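This report describes a predicted model. It covers a metal site, a charged contact and a surface patch.

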Amino acid sequence: MGVRFCPGCGAAPEFVQEYWVGSDRHFLCWCAACGMLSTVVLAAQLVSHEPEH
Ligand SMILES: [Zn+2]
């Protein structure tokens, strides 16, 4: 899993750097199409009361 689409314009990000903060995955994305620099966070436990599928 990663970031395949720019949150701003939907194009493929030119640059994606994945790193961890605690148990959360962060993706630093830069899009050449619109010049937007964004950070996408995927929390490790978005849902805690349901088992993973
Ligand atoms: Zn973009």
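What spacing do the donors of the zinc ion follow along the chain? The spacing is C-x2-C-x21-C-x2-C. Within this arrangement, Cys6 and Cys34 link distant parts of the chain, 28 residues apart. Cys6 lies in the segment before strand 1 (15-21), and Cys34 in the loop between strand 2 and strand 3 (37-42).

The protein donors of the zinc ion are the SG atoms of Cys6, Cys9, Cys31 and Cys34, lying 2.3 Å from the ion. The angles among the four donor atoms run from 105 to 116°, and the site is tetrahedral.

| Residue | Relative accessible area | Class |
|---|---|---|
| Cys6 | 7% | buried |
| Cys34 | 41% | partly exposed |
| Glu18 | 34% | partly exposed |
| Trp30 | 36% | partly exposed |

Cys6 counts as buried because its relative accessible area is 7%, and the cut-off for buried is under 20%. Cys34, at 41%, is partly exposed.

The count of salt bridges comes to one. In it, the side chains of Glu18 and Arg25 meet at 2.8 Å, N to O. Glu18 is partly exposed, with a relative accessible area of 34%.

On the surface, Phe15, Trp30 and Leu37 form a nonpolar patch, and together they have about 310 Å² of accessible area. Trp30 belongs to strand 2, which covers residues 24-30. This tryptophan, Trp30, is partly exposed at 36% relative accessible area, and patches are made of residues with over 30%.

Note on methods: Residues numbered from 1 in each chain as written. Predicted model: local features only at pLDDT ≥ 70, side-chain atom pairs only at ≥ 80, totals over all residues. Heavy atoms only, no water. Salt bridge = Lys/Arg side-chain N within 4 Å of Asp/Glu carboxyl O. Buried < 20%, exposed > 50% of the residue type's maximum accessible area, 1.4 Å probe, protein only. Patch = residues over 30% accessible without salt bridge, like charges linked within 9 Å, V, L, I, M, F, W, Y side chains within 5 Å. Areas by Shrake-Rupley, 256 points an atom, 1.4 Å probe, with all protein chains shown as cover. Helix = DSSP H or I, 4+ residues; strand = E, 2+ residues; numbered from the N terminus. Donors = N, O, S within 2.8 Å, 3.2 Å for Na, K, Ca; no water. Tetrahedral: all angles 85-135°; square planar, octahedral: opposite > 155°, others 65-115°.
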